[in-house]
Amino acid sequence: MYIPSKLFQESQPSVNLLGSMQKQDAKPSIPVEVNLPKDEAGNVDCKALVDELRECHSLQDQANYLYMLYTLKGPDWDTEIYGEPGSTVTDLLTELYGKVGATRQWALIRYISGILKKKVEALDEACTSLLSHQKHLTVGLPPEPREKTISAPLPYEELTHLIDEASDKNMSVSILTQEIMVYLAMYIRTQPSLFAEMFRLRIGLIIQVMATELAQSLSCSAEEATESLMNLSPSDMKNLLHHILSGKEFGVERSVRSLDSALTPAVSIREVGPVGATKTERAGIIRLKSEIKQQLDKRRQSVSELKSGGLHSLEVSMEASQLSGHSIPQSGTGEDRPFKDGRQGQWQRRRRLDGALNRVPVGFYQKVWKILQKCHGLSVEGFVLPSSTTKEMTPGEIKFAVHVESVLNRVPQPEYRQLFVEAILVLTMLAEVEVHCLGSIIAVEKIVHLANDLFYEEQKALGADDNMLEKDPATGICTLLYDSAPSGRFGTMTYLSKAVVAYVQEFLPSSGCTMQ
């Protein structure tokens with residue numbers, strides 16, 4: 001779900017939390033649709049604007065007016081709102097901040113905090129803490145250069161300036177980014193296991209996924225989801241972040257909050273019982289590897305034998321291992337189609353979360369290092385991870401893991417990125433086979449799209465309609481494939497293994513090749 005959403009669009013630049021953000025001018029502009037009072041010269045009449053502010057009773061509208069004055073006149077402009085000097089824009093914003101704090105309108109609190117450039121407590125310390133745990137940080141939504149990487153401690157002023165720039169000068173997103181950074185530092189100190197196999201924390205994508213979770217759980221528009229996210233209390237924001245980091249299933253429900261004897265809309269986050277398999281079980285990797293090893297122990301083959309038929313047996317063994325744990329009706333009726341239950345969207349969500357968090361299976365980077373020794377490199381969306389990397393870095397080196405991550409992060413969509421991870425996992429299984437070379441540069445995106453084509457053709461043959469096989473316009477991947485379990489007859493690993501077999505057979509050299 002990647003659609004535009006807004007944050008106080010009447011008064012400040014729009015932000016897209018559920019898709020790619022549009023680049024804004026460095027200085028915030030006033031949208032033309034806002035009916036601002038004009039003077040005789042056609043310019044905004046700030047004195048008349050102050051008069052409207054004086055008569056306004058809505059805290060939201062007051063914040064909008066003051067943001068306009070802040071943008072047009074600056075923070076130190078004297079409004080003389082009470083008929084005498086001494087009431088600057090900053091003074092009025094500070095006064096409004098106190099009123100909003102009393103009503104606990106968190107979106108407004110974050111908004112005004114951003115305008116006033118209030119310091120988030122221990123922000124620079126939080127950044128340093130995350131870096132000291134060997135985690136790189138990025139702020140802003142991908143791709144680069146909008147997404148900024150932080151790999152070394154920065155002074156507070158430089159850090160906030162970088163965050164503002166990555167947030168396209170959006171006050172609310174900037175302050176939320178700082179808030180999330182502080183919460184991440186809290187969790188990494190108290191629960192470091194949440195960050196296992198994660199070397200780069202992409203805060204912009206985490207915020208985007210948080211908004212997407214709300215949109216899907218509440219069945220609401222992107223605009224409503226963004227506003228609901230910004231209105232979460234600090235404790236609820238931390239709770240939502242923890243659920244996303246932990247990978248646990250959780251639910252979001254609409255609720256109300258009592259403010260000054262009035263009820264206002266709110267959302268509540270609740271934990272639900274375990275659904276499906278554990279992380280390692282749902283990945284299907286452990287069982288697949290076990291079956292492959294058993295098959296290889298029975299029949300050790302040479303490279304020539306592998307080329308003539310061994311790869312086919314590898315494919316068959318992978319399919320057999322998947323089928324053994326997933327009962328499928330053998331009739332040719334509609335029962336042979338993927339079973340749909342109340343967990344529709346579950347696997348796409350898990351891939352989105354794992355992709356946004358850069359979460360990979362344990363030992364993934366060491367396996368990538370091994371496969372690089374048997375080819376000339378891996379290509380991800382045109383960016384090559386060369387085999388020469390193995391001569392410069394060791395398998396367990398964090399620098400190597402970060403380098404692999406930087407290549408995978410060329411894929412902006414989290415769930416699409418996760419399919420690349422799964423495809424590389426299938427490739428790494430060949431590293432345990434007695435194959436000395438797998439050809440030249442392996443284009444991982446071709447394997448993913450070949451698997452998607454195989455999935456599409458098979459589902460079409462089983463009678464799936466066009467609506468069921470709708471494709472993501474950004475990637476061309478079937479949404480249903482994103483939402484397929486890794487293992488099973490219709491699992492992603494089934495189609496990725498077939499795609500790998502077809503791809504590697506095509507590029508295997510007729511004789512031994514020389515690695516460069």
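Is tyrosine 365 buried or exposed in this predicted model? At 2% relative accessibility, tyrosine 365 counts as buried; buried means under 20% relative accessible area, exposed over 50%, and partly exposed in between (1.4 Å probe, protein chains only).

The model is predicted, so local features need pLDDT of at least 70 and side-chain atom pairs count only at pLDDT 80 or more, while totals for chains, interfaces and linings use all residues. Residues are numbered from 1 along each chain as its sequence is written, and side-chain values use heavy atoms, with hydrogens and water left out.

**View A. Phe199, Phe364 and Tyr365 form one aromatic cluster.**
The structure holds 5 aromatic pairs. Rings of Phe, Tyr and Trp (its six-membered ring) pair if their centres lie within 6.5 Å; planes under 30 degrees apart count as stacked, over 60 as edge-to-face, and the rest as tilted. Phenylalanine 199 and tyrosine 365 make an edge-to-face pair, with 5.5 Å from centre to centre and 70° between the planes. Phenylalanine 199 lies in the loop between α7 (171–190) and β3 (200–202), and tyrosine 365 in helix α15 (residues 364–372), so this pair ties together parts that are 166 residues apart in sequence. Helices (H or I, at least four residues) and strands (E, at least two) are DSSP runs, numbered from the N terminus. Phenylalanine 199 is buried, its relative accessible area being 15%. Phenylalanine 364 and tyrosine 365 are also an edge-to-face pair, at 5.4 Å centre to centre with 75° between the planes. Both of these residues, phenylalanine 364 and tyrosine 365, are buried.

**View B. Two charged side chains sit over aromatic rings.**
The criterion is that NZ of Lys or CZ of Arg is within 6 Å of the ring centre and within 35 degrees of the ring normal. The charged end of lysine 471 sits over the ring of tyrosine 456, 4.6 Å from the ring centre. For arginine 489, the ring is that of phenylalanine 490, with the charged end 5.4 Å from its centre.

**View C. Strands β2, β1 and β3 form an open sheet.**
The order of the 3 strands is β2-β1-β3, and the pairing is mixed. Two strands pair if DSSP finds at least two bridges between them. β2 (148–150) and β3 stand at the edges with a single partner strand each, so one side of each has no neighbour in the sheet. From one strand to the next, the twist averages 20°; axes are lines fitted to C-alpha atoms, for helices over the stretch in contact, and angles run from 0 to 180 degrees between N-to-C directions. Strand β1 (residues 136–139) runs parallel to β3 and is joined to it by 3 bridges. Threonine 138 has arginine 202 in β3 as its bridge partner.

Strand β6 (residues 377–380) pairs with strand β7 (residues 383–386) in the antiparallel sense over 4 bridges, and glycine 377 stands opposite proline 386 in β7. β6 and β8 pair in the parallel sense over 3 bridges; here serine 379 has alanine 443 as its bridge partner in β8. Glutamate 381 is partly exposed, with a relative accessible area of 40%.

**View E. Arginine 104 has a positive phi although it is not a glycine.**
The phi value is about 55°. Arginine 104 is found in the loop between α3 (89–103) and α4 (106–115). Its relative accessibility of 39% makes arginine 104 partly exposed.

**View F. The largest nonpolar core has 56 residues.**
A nonpolar core is a set of buried Ala, Val, Leu, Ile, Met, Phe, Trp, Tyr and Cys residues joined through side-chain atoms within 4.5 Å. Ile180, Met181, Leu184 and Leu229 have the most contacts inside the largest core. Another core, of 55 residues, lies apart from it and has Leu378, Val407, Ala431 and Ala464 among its members.
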